[in-house]
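Have a look at the sequence and the structure below before reading on.

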Amino acid sequence: MYARVIVDVPVVDTDRPFDYAVPAALLPFVRVGSRVSVPFGPRKLQGFVIELAEQTDVDRVKAVLDVMDIEPPLTEEMVELARKMSARYMCTQYAALQSMIPAVLRSSYEKQVSLTSAGMAFESGLMDEQAFYQHIKNRQPIAWDALIKQFPMAASWLTDGMKAGRIIVEQIVGDRVTKKTVTVIEPAVSLEQLEMAKVELPKSAARQKEVLSHFVHHYAAIDQPQLLALLRVSNQTVKALIDKGFLRREEVENYRDPFAGRTFAPVEKHPFTTQQQTVINGISEGMNPPQYYPCLIHGVTGSGKTEVYLEIMERTIEQGREAILLVPEISLTPQMVNRFKGRFGDQVAVMHSRLSQGERYDEWRKIRRGQVKVAIGARSAIFAPFRNLGLIILDEEHEGSYKQEETPRYHARTIAQYRGLYHQAVVLFGSATPSMESYHEAQRGRIHLFTMDERVNNRPMPVVNIVDMREELREGNRTMFSKSLVEAIEDRLAKQEQMVMFLNRRGFSTFVMCRSCGYVAGCPHCDISLTYHRSNRTLRCHYCGYTESEPTLCPECGSEHIRFFGTGTQKVEEELSRHFPGIRVIRMDVDTTGRKGAHEKLLQDFREGKGDVLLGTQMIAKGLDFPNVTLVGVLAADSTLNLPDFRAAERTFQLITQVGGRAGRHEKQGEVILQTYNTEHYSIQLASRHDYSTFFVEEIKQRYEKNYPPYCRLILFTFTHENVPLIVKKAEQFAGKLRQIIPSGAFLLGPVASPIARIKDRYRFQCMVKYKNDPRVLPDIYRLVRAFDDERKKTGIMLTVDVDPQMMM
DNA sequence: AGCACGCCGACT
DNA sequence: GTCGGCGTGCTC
């Protein structure tokens, strides 16, 4: 038997299977989807088995060294999916495969050093070297890297030692798995034998008899500490029984349960509204018989989409199939998880970034072993290794975070379609503001469209008032709060109602500028201004992490009039306190939510009424549901509008709608105040009227006229290098070749400097292909990209390819 | 990507 | 005469 293996070499020309013989001893374990370690040239690497074969064309095959898991971590479906991802996103198959497994299973390589007998006997004339050998002797095998760190001369001593046969170095292929085990005690003999033993034990062994009688009554394994506590016996007593052969001690693998000790209130089933029932019936049509059934629910905020998800999920489980629910990382709140845990209990695995790597691994294994029926998580949960998937839900389908911004640059929406087709499953997208792509597909009849335009309990949509900030300025109001916002805040403070203040920080962060000469503090390594962080009085680059302390004098002209500008949440907080003395502000941003659990804590505080205002950025825009909030202020509604991105209007509309949805979800009527310099813009006007349909019509017209998605597809190529003339030359060469192979009707734009022209001292140039939705162009382009790898090796120019980019930076 | 092999300059 | 620079090419 031969295994075709994709090895862990992250370049394109080795991204093909290599054949290895499977030794008889490993035969039962090597399957498609197995992780193996294999010899590769002089090295030892991890790889994935993608195929098993009876024959090979290779003359001198080597053998698989080891299988790393008893159960293969990947299914055949995943292996096939990786092949598709590789072709679609122009990434290596290895990168695709690796993205499907939890981080702890990603390979780690370590060189281990140990001594031969000659090394043990070796005595060096040098004291330091002698100590070095002693060090290894005491700890062997010891990590190569650790030695290099500790002994400055280690590198040369190691080479000497290897040559002289005193030292052996072994390459270890491993992972980061730490299996947590618990010790359990269990009966080692039959129940009858236990009863006999209990009688036969001498009277003096009263404690031992107690233990035995426990096992007679509960003939099962029990956690050791629990047993000792329960019967108040000592370890000695138990040990005596083990020595006599009646009991047995066993190490059992234990799952870390991140929700241990928490109970979940069962979720009451409310009767469905007519709309909910209609949608449920419609989607159910796609479940019987099982078929690929793509659906889009366009449901206004508060229309009760979640109840629909729960019901469809329940029906899927009743069919004996499994379900995945994807939510944006940011709305993966305990509140939300509780609703699903409350309904489906321990049939749910939850994967989110707040879990430790080990916890994530445990949740993943529950899925892999079929111990749960539902997986909930952010983007990467789309790879939940279910075998009989019946339903995939993408909540907030339009969210940008479903696109991975590193290789492999996949979109969870696309992967959901692939998996839905494979499993003949229902794929359900839900949003109050569907992406142009999805709604367009729905209009063309490719996706079943369901509309929910009524809020549960018929709550009215909040009243939205647009405030023209230019007007305010003309009237001499230079603050960041308009007159009507100030009045509204005062009103809510008097009524003791709560408020949410939203500041969209993208492209609007605090920067430091000199008022005398106009100098703006920028990053010396990136073409971007530094962001001021008040908490530690530093300037930081958001791209490379470069940090410097706050300047007191302008480095250009020496003036003292250098200070921070712009509107960060910190500044808004200060201004709020200044305008409204005594106001209690709970601020949520990267600075205040860094610690684990801080995020939840702040929201809990707000819910308990410990704050009047919840102030924050994107992270407060979604899913939060506070009964006492009656005012939402959007301080700069148009700050997303002027970004160099064809999705700017769409994003603005989505954001305003999301934020507005935070107000008046319960008994009290909600109000939204939108401050903007762009009152006329259709995205702002239509968002204020909750009019998605008209927005769609207007925006799709723009996309059509300017030929942007969904009327075409995009591929973004970004070149980076320290040397501008070189990069320009190579980018133009590449563009020339591209132009030759793209079909008529496709366009090539650029190359031009990227919007952020330099990051970490590397200059960035980009070009973009716009093509009709014809996937046949991809293989040709991928060939060109592969060929560019030669160029990268020679010149060091890096090329990244982003298929269906979400960000144009 | 590594790592070895291989063919030309500055040292013992 | 050897150590070592990094160009080239291969890895089942």
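This is a predicted model: local features need pLDDT of at least 70, side-chain atom pairs count only at pLDDT 80 or more; totals for chains, interfaces and linings use all residues.

**Around the DNA**

Let's start with DNA strand C. It has 14 residues around it, and the closest are Asp19, Pro39, Phe40, Gly41 and Lys62. If you sort the residues of this surface by class, you get six nonpolar, two polar and six charged ones.

Which parts of the fold supply this surface? Strand E2 (18-21) and strand E3 (35-40) each bring at least two residues to it. E2 gives the most, with three residues.

Of the atoms of DNA strand C within 4 Å of the protein, 41% are part of sugar or phosphate, while the rest belong to bases.

| Residue | Atom in the residue | Atom in DNA strand C | Distance |
|---|---|---|---|
| Arginine 16 | polar side-chain atom | base nitrogen | 3.3 Å |
| Tyrosine 20 | side-chain N or O atom | phosphate oxygen | 3.4 Å |
| Proline 39 | backbone N or O atom | phosphate oxygen | 3.1 Å |

Next, move along the chain. An unreviewed UniProt entry lists Cys523, Cys526, Cys541 and Cys544 under "binding site". They are spread over 22 residues of sequence, yet they cluster in space, with a largest C-alpha distance of 8.7 Å.

Take cysteine 523, which sits in the loop between strand E22 (511-514) and strand E23 (531-533). Is cysteine 523 buried or exposed? Its relative accessible area is 4%, under the 20% cut-off, so cysteine 523 counts as buried. Leaving aside neighbours within four places in sequence, cysteine 523 is in contact with Ile528, Leu530, Cys541, Cys544, Tyr546 and Arg758. Two of the listed cysteines, Cys541 and Cys544, are among those partners.

Cysteine 541 is in another loop, the one between strand E24 (538-540) and strand E25 (547-549). With a relative accessible area of 2%, cysteine 541 is buried as well. Again leaving aside neighbours within four places in sequence, cysteine 541 touches Cys523, Cys526, Ile528, Leu530 and Tyr546.

Time for some backbone geometry. Most peptide bonds are trans, and most residues other than glycine have a negative phi. Here are some exceptions to look up.

Where do you find cis peptide bonds? One runs from asparagine 288 to proline 289, with omega near 0 degrees. Proline 289 lies in the loop between helix H11 (274-284) and strand E13 (293-299). Another cis bond joins proline 709 and proline 710, where omega is about 10 degrees. Proline 710 is in the loop between helix H23 (692-706) and strand E31 (713-721).

Then there is phi. Glutamate 396 is not a glycine, but its phi is positive, at about 50 degrees. You can find glutamate 396 in the loop between strand E17 (389-395) and helix H15 (412-423). Its relative accessibility is 11%, under the 20% cut-off, so glutamate 396 counts as buried.

Glutamine 424 is not a glycine either, and has a positive phi of about 55 degrees. This residue belongs to the loop between H15 and strand E18 (426-431). At 34% relative accessibility, glutamine 424 counts as partly exposed, whereas glutamate 396 is buried.

Methods
Residues are numbered from 1 along each chain as its sequence is written. Chains are lettered from A and ligands numbered from 1 in the order in which they are written. Side-chain values use heavy atoms; hydrogens and water are left out. A residue is near a molecule or strand if one of its heavy atoms lies within 4 Å of it. A polar contact is a pair of N or O atoms within 3.5 Å; within protein, one must be able to donate a hydrogen and the other to accept it, and residues adjacent in sequence count only if both atoms are side-chain atoms. Helices (H or I, at least four residues) and strands (E, at least two) are DSSP runs, numbered from the N terminus. Ala, Val, Leu, Ile, Met, Phe, Trp, Tyr, Cys and Pro count as nonpolar, Asp, Glu, Lys and Arg as charged, and the others, Gly among them, as polar. UniProt positions are given in the numbering used here, feature names are shortened, and annotations may be inferred rather than shown by experiment. Buried means under 20% relative accessible area, exposed over 50%, partly exposed in between (1.4 Å probe, protein chains only). Contact means heavy atoms within 4.5 Å.
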